[in-house]
Amino acid sequence: MKTLFSKIRNSDMLSYAEVLRLKVSLVLLFLFIFGLLTVPVTLFETFSLEVLIFLPTLFALLFIFSATMLAVNKVRTAMHFSIYTFAVLTVYYALGSNPLYGLLLMYVTLTIIIFYQDIYTYIIYGGAITLYGIIYIFQNGDQLIGPDATGLVMSNLVYQGTLTGFFLVFLIYFILSETIYDQVNNDYKQTQKSLRNMTRHMLTYTNELRERDGLEPLHDDEKVQKAVNDVAVFLAAFFPDDSLDIEEYVDFYFFLHHQDLEDIYQKHRQTEIEKYARELEKYLMNKPGDLMQIHVSMAAKFFMGSEGTYPDTRYHYSVDANYRSRVNRIIVLALMYRFFCVENTQYDRWKRVEASLSHDAILDLINSQVFRSILSHEEAKFFLENNKLFKEYLG
């Protein structure tokens, strides 16, 4: 229980699979407490003998199966069967002497499905529960509002409309959430792709600068190798592993800088060598991985503005945000076009940055979605309408 509460407090740090596992655990805990308190009491209600035996038994079997699936890490299966368990509980109460309990359980079941935040599960199971509820209200409306009450048809419509509205409101919510999630996910992927490309270019330029200055690549520098080895030995003292020789592990790390990783993965498939290579790949100094991103992030923290302070617009890429004058924005367009024409920013067939963009490639780039965050519609339109002048005077 302590571990469960700890996961709830730190749920913002959990992955989607771990969050789903946590949700299923909470639902099963609620289901266990609810079933333990209510099912024995309903044995004294006016149920038929078949209902008194069959439905509680089915409820218990489904609950045990859900808990077992969760224990063996079949979280999605456990989620589905927890919903089935609630559905059985709902039918159990719906067949009882007081239909109001069954109606309330329908809302509880819909709430549980909403809690899982899965649109497909909600459409299928939530739609089935809602349809069952509409039919149930139609057949038992007189018992819900009382046999002597007036306006039975209108009351049934109100109950049915409320249940349907409850379902539709959350269906719209899920559709909007999915749309926003897809947009955010696409933006994230696009940003990650741009970051990888920029990191790759920075790595290439850094290596060229070191080569120009007659310096060894960073991973071949003796001081760097000694520092990495010392840090690894120091950390290994706190996390001892008798199966791993830390100095040999560090040597293997530097050895990987001079190897074709795909070749290693092919030759040593499903071996310890492949395992360690995959673990170390993202930390290689000559690859645009996590280590390079950390390096760039740390270096950026020490970059100061012209007056010794961090400039407020350092990460504002929009031309509109940085230049109010139309003349200045045209000058920026001219500088961008000139840069793309003469600066080597593209890989050649040997993966060297040895090629610049052609005029047509620049047109495609300006038209791309990537540049929507840099150029406004007005600036992009101006460039496209006058691209021949750019080519004639700046190409």
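**Exercise 1.** Are Arg-329 and Glu-379 buried or exposed?

*Solution.* The model is a predicted one, and the residues are classified in it as follows.
Step 1. A residue counts as buried under 20% relative accessible area and as exposed over 50%.
Step 2. By this criterion, Arg-329 and Glu-379 are both buried.
Step 3. Their side chains form a salt bridge, with an N to O distance of 3.2 Å.
Step 4. This pair connects distant parts of the chain, since Arg-329 belongs to helix α14 (residues 326-342) and Glu-379 to helix α16 (residues 377-385), 50 residues apart.

**Exercise 2.** Determine how the salt bridge between Arg-76 and Asp-118 is placed in the chain, and classify the exposure of each partner.

*Solution.* Step 1. The structure contains seven salt bridges, and one of them joins Arg-76 to Asp-118, with 3.0 Å between the closest N and O atoms.
Step 1. Arg-76 lies in helix α4, whereas Asp-118 lies in the loop between α5 and α6; the two are 42 residues apart, and the pair links distant parts of the chain.
Step 2. Arg-76 has a relative accessible area of 36% and is therefore partly exposed.
Step 3. Asp-118 has a relative accessible area of 10%, so Asp-118 is buried.

**Exercise 3.** Classify the exposure of the two partners in the salt bridge between Asp-213 and Arg-212.

*Solution.* Step 1. The closest N and O atoms of Asp-213 and Arg-212 are 3.3 Å apart.
Step 1. Asp-213, at a relative accessible area of 47%, is partly exposed.
Step 2. Arg-212 reaches 62% relative accessibility and therefore counts as exposed.

**Exercise 4.** Which residues form the nonpolar patch on the surface, and which form the negative one?

*Solution.* Step 1. The nonpolar patch consists of Leu-29, Phe-32, Ile-33, Leu-36 and Leu-37, with about 480 Å² of accessible area together.
Step 1. Leu-37 is part of helix α2 (residues 16-42); this residue is exposed because its relative accessible area is 60%.
Step 2. The negative patch consists of Asp-245, Glu-247, Glu-248 and Asp-251.
Step 3. Glu-247 is part of helix α9 (residues 246-256) and, with a relative accessible area of 45%, is partly exposed.

**Exercise 5.** Locate Asn-73 and Gln-117, and describe their phi angles.

*Solution.* Step 1. Most residues other than glycine have a negative phi.
Step 1. Asn-73 has a positive phi, near 70°; this residue sits in the loop between α3 and α4 and is exposed, at a relative accessible area of 55%.
Step 2. Gln-117 also has a positive phi, about 55°, although Gln-117 is not a glycine.
Step 3. Gln-117 sits in the loop between α5 and α6 and is partly exposed, at a relative accessible area of 44%.

**Exercise 6.** State the separation of Glu-18 and Val-75 in sequence and in space.

*Solution.* Step 1. Glu-18 is in helix α2 and is partly exposed, with a relative accessible area of 42%.
Step 1. In sequence, Glu-18 and Val-75 are 57 residues apart, while their C-alpha atoms are 9.1 Å apart in space.

Conventions: Residues are numbered from 1 along each chain as its sequence is written. This is a predicted model: local features need pLDDT of at least 70, side-chain atom pairs count only at pLDDT 80 or more; totals for chains, interfaces and linings use all residues. Side-chain values use heavy atoms; hydrogens and water are left out. Patches are made of residues with over 30% relative accessible area and no salt bridge: like charges are joined within 9 Å, nonpolar side chains (Val, Leu, Ile, Met, Phe, Trp, Tyr) within 5 Å. Accessible areas come from the Shrake-Rupley method with a 1.4 Å probe; for residues, only the protein chains shown count as cover. A salt bridge is a side-chain nitrogen of Lys or Arg within 4 Å of a carboxyl oxygen of Asp or Glu. Helices (H or I, at least four residues) and strands (E, at least two) are DSSP runs, numbered from the N terminus. Buried means under 20% relative accessible area, exposed over 50%, partly exposed in between (1.4 Å probe, protein chains only). Lys and Arg count as positive and Asp and Glu as negative; His and the chain ends are not counted. The place of a charge is taken as NZ of Lys, CZ of Arg, CG of Asp or CD of Glu.
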